[in-house]
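Please look over the sequence and the model below before reading on. The paragraphs after it are meant to be read with the coordinates open.

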Amino acid sequence: MITARGLEPKAAGASRTERYGRPGAAWMRSWPMVPILAFLLAAFVYPVAQLLWLSLFGKTGTFTFEHYQRLFTAPVYFTVMRNTFEIAGWTTLLCILGGYPIAYLLATTTDRARNSLILWVLLPFWTSFLVRTFAWIVLLGRRGAINSFLESAGLIEAPLALLFNMTGVMVGMVHALMPLAVLTMLSVMETIDRNLMPAAATLGARGGQAFWRIYFPLSLPGVAAAGLLVFITALGFFITPALLGSPRQTMITQVVIQQVEEMLNYPFAGAIAMLLLAMALFVFYLYDRALGMTTLAGGGTQSQSGAGEQGPLARAFSAMGGMLTAILGRATDWVAILWEALAAGKPDRTARVSGRVMLRLGVAFLLVFLAAPSFFIVPVSFTTDAFIEWPPKWGSLKWYVAVLEHPTWITAITRSLIVGFLTAALAMCLGAPAAFFLARASFLGKTAAMGFILTPLILPRIIIAVALFYFYARLGLIGSPLGLILGHTVLALPYVVITIMAVLKNYDQRIDQAAASLGASPPRVLWHVTVPLIRSGLIAAFLFAFVTSFDELTIALFVSAGAATTLPKQMWDDAILKVSPTLAAVSTLLLVFVTIVILAAEFFQRRAAKRG
Amino acid sequence: MRQPKLKTRDLRKTYGPVIALAGANLELEEGEFVTLLGPSGSGKTTMLMMIAGLVQPDSGEVWIDGRLATYAPPHKRDIGMVFQNYALFPHLTVAENIAFPLRMRGMSGTEIRREVDRALELVQLPEVGGRLPRALSGGQQQRIALARCIVYRPSIVLMDEPLGALDKKLRDQMKLEIKRLHTELGISVLYVTHDQEEAMIMSNRVCLMNNARIEQIGSPADLYFSPRSVFAADFIGESNLLEAQVAGIDGREATLIGTAGVLLKAKIREGFVVQPGEAVKLMVRPEMLSVLQAGAEADNVLEARLIDVIIVGGVTKTYARLADGKLIAATGLTHGPLDAVAKDACIRLGWAKESGVVLPRDDSAA
């Protein structure tokens with residue numbers, strides 16, 4: 001199955017007596033993939049398959065579709081499903097509308113500007129969903145920052161209802177997922193040749209025509225990939241609707257949690273999780289039919305099929321798309337022409353307000369929307385009040401004292417740290433060899449192997465969580481740190497593999513070959529040459545894996561029983577009862593800690609990129 | 001008086017403390033092919049970008065076809081540009097790529113089809129209109145980029161190292177191809193390259209650039225035979241640069257004292273003022289030097305110790321060391337079986353006084 005290109009034995013009858021006279025068997029060289037694939041099969045595929053199986057049996061152990069029948073007949077579940085799709089759909093639309101300008105600016109600015117601007121996207125990307133959700137409670141509440149500002153400015157009489165309704169959920173979800181949309185679109189936009197827009201300009205296209213006819217069509221694969229990832233992730237959300245919405249915004253994952261925690265109806269929860277899985281796979285299927293899965297990996301423009309191979313339907317679509325972009329281009333240009341007529345640019349003077357300035361202003365506003373809210377949690381944590389209110393009454397450390405003196409919080413923090421470190425270590429052991437192999441060897445089914453490793457990143461986490469819950473229940477692993485570590489490793493592996501592969505992409509393999517020709521054995525090459533050169537990248541991968549685990553709630557919610565709780569789990573349990581200043585204090589600590597870890601990871605990753 | 005197609009006046013650009021272009025003046029006549037030649041970082045691409053309107057100058061003026069265009073947007077300049085990596089639109093077919101500038105100018109469909117076919121015909125690729133750019137080879141993509149650029153007959157065509165991505169053989173072929181298009185269509189071309197051979201083959205005039213300024217503008221022959229600075233002499237072709245001091249001047253003829261006190265004669269170009277006693281450099285092309293047989297004489301003669309004789313094919317190169325230790329090279333046509341000359345033997349190199357060029361010693365005084 002796995003063959004290294006160019007290394008196939010040339011003559012079958014070659015001498016087998018001489019050890020170096022023949023290449024090793026192809027499958028032997030693929031050993032680096034064995035641990036990670038075995039692990040994912042055991043800790044991911046098997047439990048999910050088992051969950052599917054279980055959802056097909058009734059209480060008496062007989063084969064039945066009763067759980068699925070119930071799903072489709074009870075109107076309450078239909079409402080929940082409609083809610084879920086509605087919320088995910090609107091979230092996707094808004095994330096793309098808001099994320100596109102950010103990604104466009106990042107992709108077309110100078111390298112230096114991008115490096116500093118992208119941090120404002122990465123920081124919210126890595127900041128805990130819980131912390132960001134709490135921040136919106138501070139901002140959107142009846143006595144929150146926005147209402148108190150508007151009231152003091154005399155713009156409103158009574159506080160606006162921004163929280164515990166659709167508005168709150170949308171704000172929270174869009175805020176949560178826009179960084180993902182930006183990063184996905186950026187990965188495609190970065191592959192677009194920067195000379196194309198100048199080329200279009202010299203050929204006589206105005207900004208509008210150049211953008212809509214050239215740039216926009218080329219960036220569409222990124223838009224589609226971002227839409228897919230945001231939609232699928234949004235389908236599995238529960239923190240935001242639970243804390244910022246009302247029961248009318250209940251989403252499907254909340255029902256799963258309810259069935260497990262309150263009703264103890266495991267097979268039914270399994271059936272719902274399976275439905276979610278089916279929905280996710282269906283969306284993937286549609287995406288693949290429309291665009292091809294390769295665009296997901298950031299292949300961008302190279303992966304489109306040739307014009308000659310398109311079917312009649314695809315050609316009709318592209319003709320329609322061509323007309324639409326032409327019309328949009330014209331429309332944009334009319335605005336530009338109108339503007340020029342009003343404020344005529346002279347050929348002997350530099351142009352004044354350009355579209356670029358407007359873009360910068362818009363993006364600045366969006367970046368504030370992404371990065372600023374988390375910081376509102378900080379002043380609240382120093383309040384003297386017993387509840388969250390804006391502006392907070394400053395000047396007390398009592399909530400910090402309360403956290404640090406309370407054994408529950410201390411144990412939770414300690415457990416999260418330990419689980420995080422062990423998860424990162426395990427993920428590195430499994431992921432690093434695979435990353436090396438995937439980055440360097442070319443073999444049949446490489447894309448499939450890559451896709452398989454990335455699956456846990458894309459599937460709604462609740463599916464993995466529920467599956468592991470059943471699996472561990474039978475093994476007696478519920479409530480044990482080992483169970484948590486295994487579960488978190490499934491989620492951390494994609495980040496480890498992606499980060500190390502990214503570093504190896506810039507790595508000149510001739511350095512290794514030089515070392516080998518100088519007499520170093522493969523292990524010594526690895527230890528004395530490769531590892532020191534990519535050390536920064538390895539540290540970055542470790543830190544990303546650590547944060548993934550440290551911040552993880554879904555799996556912790558199911559797998560850690562009441563006693564063995566992690567920090568996010570403890571925060572969630574508290575938040576369900578009441579969002580108090582204690583939570584603000586914990587969130588502030590978490591915010592500072594994760595920010596430091598992420599900045600460190602970014603620092604190491606950039607250093608690795610520079611060396612490569 | 002005829003209007004130049006392009007004129008720049010004191011065009012200047014700085015990036016922070018770095019001067020990218022320090023006041024460049026250049027004219028491009030109708031139908032002329034001018035090359036900006038220089039090492040990387042000499043300001044040639046910056047200059048091209050400012051003429052294209054893709055980079056804004058700090059000061060100075062750009063005139064295109066008699067209209068001031070210093071800060072006009074690119075789409076209003078009536079220019080065509082060929083980019084180094086071609087910048088073909090990957091999602092449009094070859095025909096759509098070529099049609100793009102015509103569409104932007106609001107041409108009708110039938111007219112566009114006719115013009116596209118004509119352009120494809122012109123670059124000798126009439127069959128590929130329906131294909132996507134990536135289905136073509138590098139050389140073919142280059143031709144399509146040319147076709148897209150000339151199809152709307154812009155006032156000037158700018159080319160930014162368009163052959164940089166091609167291999168040697170294809171590059172040689174495309175040089176002639178571009179030259180053919182230039183003469184056939186009578187277009188005015190401003191071309192950027194760091195390859196002197198490209199510049200020499202295609203240009204009417206070469207604008208040699210160094211350190212963010214224009215070093216010298218002239219025909220290829222001008223630049224080759226009468227460089228005005230050590231940089232120009234060194235950058236174009238091979239050259240021997242000898243240290244010398246001015247002993248006396250008689251009209252346009254100078255007597256120089258070379259190393260070891262040898263007297264050398266050379267012409268001084270119009271406008272170059274030197275005083276007796278001044279230190280200068282004397283440039284002699286290797287092919288102007290000949291190895292003198294015993295008894296033969298020349299205007300200037302230097303003695304040197306032979307290092308090596310190398311046959312490079314059609315020409316033979318003789319390397320020798322002067323009394324002051326400097327290396328000197330002479331190039332002559334290869335003929336006959338070589339006489340076995342002992343290494344370290346003393347030989348005499350001679351040249352006519354017209355083939356020496358006196359250059360200022362300090363480059364900045366050029």
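Predicted model: local features only at pLDDT ≥ 70, side-chain atom pairs only at ≥ 80, totals over all residues.

Residues are numbered from 1 along each chain as its sequence is written, and chains are lettered from A and ligands numbered from 1 in the order in which they are written.

In chain B, 5 strands make up an open antiparallel sheet, ordered E15-E19-E16-E17-E18; strands are DSSP runs of E with at least two residues, helices are runs of H or I with at least four, both numbered from the N terminus, and two strands pair if DSSP finds at least two bridges between them. Strands E15 (290–292) and E18 (327–333) of chain B each have a single partner strand, so one side of each lacks a neighbour in the sheet. Strand E17 (residues 315–322) of chain B is joined to antiparallel E18(B) by 7 bridges, and Thr318(B) stands opposite Ala330(B) in E18(B).

In chain A, 19 of the 24 residues of H9(A) are buried, so this helix is largely enclosed by the rest of the structure; a residue is buried if 20 or more other C-beta atoms, placed from the backbone, lie within 10 Å of its own.

Between the chains, 29 residues of chain B are in contact with 24 residues of chain A, contact meaning that C-beta atoms placed from the backbone lie within 7 Å. Strand E6 (79–82) and helix H2 (94–104) of chain B are the elements giving two or more residues to the side of chain B that touches chain A.

Definitions and conventions
Buried ≥ 20, exposed ≤ 12 C-beta atoms within 10 Å, placed from the backbone. Contact = placed C-beta atoms within 7 Å.
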